[in-house]
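Trainee: Can we go through this one together? I'd like to know what to look at.

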Amino acid sequence: MKKSYNFIIILLLVLFSANSFAQIAEDAEASSGNRNKPEKLEWLKDAGFGMFIHFGMDSQLGVVISHSLVGASDDYKNRFFNELPKTFNPSEFDAYKIATLAKLAGMKYIVFTTKHHSGFCMWNTKTTDFNIMNTPYGKDLLKEYVEGVRKAGLKVGLYYSPEDFLFMEKHGMEIRRKKQVFTDEQKAAFDDYVTRQCTELMTNYGPIDVMFIDGKPKDVAKKVFWDLQPDLLITRGAISTPEQKLSSVASDKPWESCVTLGTQWQYKPYDDELKTPGQVIKMLIEVRSKGGSLLMNLGPRPDGSMSITEEDYLRNIAAWYFVNHEAVDSVRPWIVTNEDNIWFSKKKDKNTVYAYITDMPNWKRGSRKSFVIGSVEATRDTKISVLGHNGRVSEYQPDNDPTPRFEQTENGLKISVERAQRMYNNAKWPNPIVVKLENVKPSCVPPVVKTVDVKEVNGEMIVTGKLVDNGGSNNLMAGVEYKEDAGFVEDLYHTEWGRTDFIPVNKEGNFEIKVPGLAKGASYQFKAIVKHPKLVVKGEMISSYYK
């Protein structure tokens, strides 16, 4: 009983520290009122994985969804608003089929674009003629989506943008995303328009589970949504929703990261830089290790069907999830997110830790590897297993013993495991192996470090850090991790971090470190890090331009 009590105290201290100094970028309008119920937020933390569907009539052109209207000529706008609807016919859209595959891949909910910034509505609305009913399709696509997702047993999510380019055009406003100014008359008309649309969404399709509000202003939409459906979970508009990036630190607060499979939200017919299925799985692991939910986006083809590439990607992810589902569902952050290429999560309400062994694509079936984990300590009741495998049999290798083993050493918990399960015919399995460690405890209370500032001094980039809590150890060294900021969409494709040498931390816990070898004229990302005798702890990320 005493061991269990101590374990809980350590975890509470760790989570409190991580939450107190986490710098997850909050939606600017989230502070205007959050009526999300605690049980709905807890559900999101348990769920951890969802599908985003961006789909609009401009998918026929394969261009960026809606945004091509910003700065467009009168001729372009006229043809967009009046001609494109005449050829939009998503007759192959099958929400049940998509949702069934999403469920197999471990996704618990789907979020569908009811109306993006262009103003085109994918439902039978009375508020505008610019909608799905006035196309060759001529049916309420949103109704079919809701019914299909419910039938598959997933939670129904909607995306809605109050921002509306056609509304701007009709009310004599320039179509723009930034610095849009309403007259009192325009604002009154806009609020009425949004209210009527949101009322339709909340009254015509039964209970909705999740809402993602994009664009500004959000307040009217939020009020209508929560007034009509108090049990609704609103993500963007109420909680942190980093876009095209992941949180740099773990948090015990719910958050949701939305990411595209390629570089574009909507269907792009060619020349897109797609993430590999392995990259998506690793992103999912990182998000779950940090306590968040990954909302992975797909863009149906103009006829509504899923591309073969997207389907193949989901099936690859589904194979990994089928093996490792318990390390994705209902997990929480461990005392550290990762130790180099081994990431961690903890089972909710249990002393079970999952170690995701990543970046080992050439690990041959039947071969054994050993790792030392600094953050985990065994107890007399500790058990070890590899998810998906019984630890007894390796096919066609009768003399091989695939039994997982562990040994507590001075440097940490040494684990020895095999990749023994046969998943592909060629005996290769490039995806991460997950080791389950039951009845374990934290080896220490980790230190807490904060990235304070980045500045250029005499032509050199200097990162300032602060040791907020030493975790009970005076034997600490500080350093910096850094990489070039590749850009809003491209950053997730470039994940290799450099690392400076470590230096001692002074008694006050402050340190300054020069980062060498940077190229001028580029933006970089920096994280202060602290080396503890058992592990390395990282602070939040700061971006800075090197002149």
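Mentor: Start with a term: a cavity is a set of grid points where a 1.4 Å probe fits but cannot get out, and its lining residues have an atom within 4 Å of a point. Keep in mind that this is a predicted model.

Trainee: Fine. How many cavities of 30 Å³ or more are there?

Mentor: The count comes to 6.

Trainee: Which residues lie nearest the centre of the largest cavity?

Mentor: Val 323, Leu 387, Gln 421, Trp 429 and Ile 433, out of a lining of 14 residues. Helix 10 (308-324) and strand 16 (433-442) each supply at least two residues of that lining.

Trainee: How does the lining of the largest cavity divide into nonpolar, polar and charged?

Mentor: It has 9 nonpolar, 3 polar and 2 charged residues. Among the residues lining the second largest cavity are Phe 55, Met 57, Lys 115 and His 116.

Trainee: New topic. Why is strand 10 said to be largely enclosed by the rest of the structure?

Mentor: Because 6 of the 6 residues of strand 10 (residues 342-347) are buried. Buried here means under 20% relative accessible area.

Trainee: And which residues point which way from strand 10?

Mentor: Ile 342, Phe 344 and Lys 346 point one way, while Trp 343, Ser 345 and Lys 347 point the other way. Both sets are buried, the lysines included.

Trainee: What does strand 10 pair with?

Mentor: Strand 8 (residues 331-332) is joined to strand 10 by 2 bridges, antiparallel, with Arg 332 opposite Lys 346. Strand 9 (residues 338-339) is also antiparallel to strand 10, through 2 bridges, and there Glu 339 has Ile 342 as its bridge partner. Strand 11 (residues 352-357) runs antiparallel to strand 10 over 5 bridges, and Ser 345 is partnered with Tyr 354.

Trainee: How many residues sit between the strands in the hairpins?

Mentor: There are 2 between strand 9 and strand 10, where Asp 340 in the turn has a positive phi of about 55°. Between strand 10 and strand 11 there are 4, and Asp 349 in that turn has a positive phi of about 65°.

Trainee: Last one. What is the strand order in the open sheet of 3 strands?

Mentor: The order is 17-18-22, with antiparallel pairing. Strand 17 (448-457) and strand 22 (510-515) are the edge strands, each pairing on one side only. Neighbouring strands of this sheet are turned by 25° against each other on average, direction ignored. Strand 17 and strand 18 (residues 460-469) pair over 9 bridges, and Val 449 stands opposite Leu 467 in strand 18.

Definitions and conventions:
Residues are numbered from 1 along each chain as its sequence is written. This is a predicted model: local features need pLDDT of at least 70, side-chain atom pairs count only at pLDDT 80 or more; totals for chains, interfaces and linings use all residues. Side-chain values use heavy atoms; hydrogens and water are left out. Two strands pair if DSSP finds at least two bridges between them. Axes are lines fitted to C-alpha atoms, for helices over the stretch in contact, and angles run from 0 to 180 degrees between N-to-C directions. Buried means under 20% relative accessible area, exposed over 50%, partly exposed in between (1.4 Å probe, protein chains only). On a 1 Å grid over the protein atoms alone, a cavity is a set of points where a 1.4 Å probe fits but cannot get out, and a pocket is an open set with protein on both sides within 12 Å along at least five of seven lines; lining residues have an atom within 4 Å of a point. Grid points are joined across faces, edges and corners, and a volume is the space filled by probe spheres set on the points. Ala, Val, Leu, Ile, Met, Phe, Trp, Tyr, Cys and Pro count as nonpolar, Asp, Glu, Lys and Arg as charged, and the others, Gly among them, as polar.
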